[in-house]
Amino acid sequence: MNKELMEALDILEKEKEISKETLFEAIENSLMTACKNHFGKADNVKVEINRETCDFLVYAEKEVVETADDVEDDCMQIALEDAKELSKKVKVGDILNVEIKSKEFGRIATQNAKNVILQKIREEERSVIYNQYYEKEKDVVTGVVQRYVGKNISINLGKADAMLNESEQVKGEVFKPTERIKVYILEVKNTPKGPRINVSRTHPELVKRLFESEVTEIKDGTVEIKSIAREAGSRTKIAVWSNNPNVDAVGACVGMNGARVNAIVEELRGEKIDIVNWDENPGNLIQNALSPAKIVAVFADPDEKTAKVVVPDYQLSLAIGKEGQNARLAARLTGYKIDIKSETQAKDAPGFRYEDYMDDEYEDDDYEEYSEE
């Protein structure tokens, strides 16, 4: 048994996650390459490796001819006299397997064989890493900040490096080398130099995946995240729905004393998160989405995907939000174009009637809200 080879293959399989069969094939190809370099060709060369003992045999299939003068090609033919030394029963015209001693290969042939094995190991290693991270595409992983490459950031994910491009960075976030951060894997591409992984800190799915990992009820499907709208680094709104009437969707996401949502806010460096209840009724959903503002009346047109909302005069600025952020996020969350007016503005509008704005299912007492502020 070739114990050294067996141990080497075991180590490679464990550390590089490369199957032994692939390594055996690489060794066979390397021996074929060595024969080709040593003899000039290897058309009749065969390599056999015992998968259990790692013992290998390299031999050439040669035709037996009458005399040495009849040998036209040493690589393909052998004289009967020489063949008799290997097998007493051989006769002219037979095909004889002649063992090739790999120790006799020259330095160049040996080096080439070694390069074939190393090249195959590198290719397989890249393939294993690519497959490993391709399965994690559209998911969140933890990485270690390595260095800034221009305005981009190189992040080590363990077995591979990822690039956090400037366009995928949250404005104002600054990272130090060796700092651990969570990133969303946008894309994994296979290249000759290994997998190229692009990650993001701004993608809305990052928040969704963080909630999935933090909130057990979301992970097991009891609570669903129906919609999400995000302005990275500033505020995120998510609409959640519970499939179990005994489970409060918003409460499950917030956690005891806000523990769950605060853990996510901390990971996002203080980004504010509004969690609201999803509702199939667009009027109720829009009312929830505009949290924390109070709503007087809402009229939603599902066909046109537009909505008119009336709020108390003192709530107008809160409903619209700083630079229109609250209204903008609510529009993204619901998919409706929202027109917000104060009571005074609405009453002054031509043909205004409250009943045009009121949603049949809307009741002021039903209003619930949650805000980090």
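Leaving aside its neighbours within four places in sequence, which residues is Gln325 in contact with? Let's work through this and a few more exercises on this predicted model.

**Exercise 1. Find the surroundings of Gln325 and decide whether Gln325 is buried or exposed.**

Step 1: Find Gln325 in helix H11, which covers residues 325-334.
Step 2: Look past the neighbours within four places in sequence; the contacts of Gln325 are then Glu231, Ser234, Arg235 and Ile320.
Step 3: Buried means under 20% relative accessible area. Gln325 has 12%, so Gln325 is buried.

**Exercise 2. Describe the backbone and the exposure of Arg269 and of Glu323.**

Step 1: Arg269 is not a glycine, yet its phi is positive, about 60°. Its loop runs between helix H8 (259-267) and strand S12 (272-277).
Step 2: With 38% relative accessibility, Arg269 is partly exposed.
Step 3: Glu323, also not a glycine, has a positive phi of about 55°. Glu323 belongs to the loop between helix H10 (316-320) and H11.
Step 4: Glu323 reaches 71% relative accessibility and counts as exposed.

**Exercise 3. Locate the cis peptide bond that involves Pro292.**

Step 1: Follow the loop between helix H9 (282-289) and strand S13 (297-301) to Pro292.
Step 2: The cis bond joins Ser291 and Pro292, with omega about 15°.

Methods
Residues numbered from 1 in each chain as written. Predicted model: local features only at pLDDT ≥ 70, side-chain atom pairs only at ≥ 80, totals over all residues. Heavy atoms only, no water. Helix = DSSP H or I, 4+ residues; strand = E, 2+ residues; numbered from the N terminus. Buried < 20%, exposed > 50% of the residue type's maximum accessible area, 1.4 Å probe, protein only. Contact = heavy atoms within 4.5 Å.
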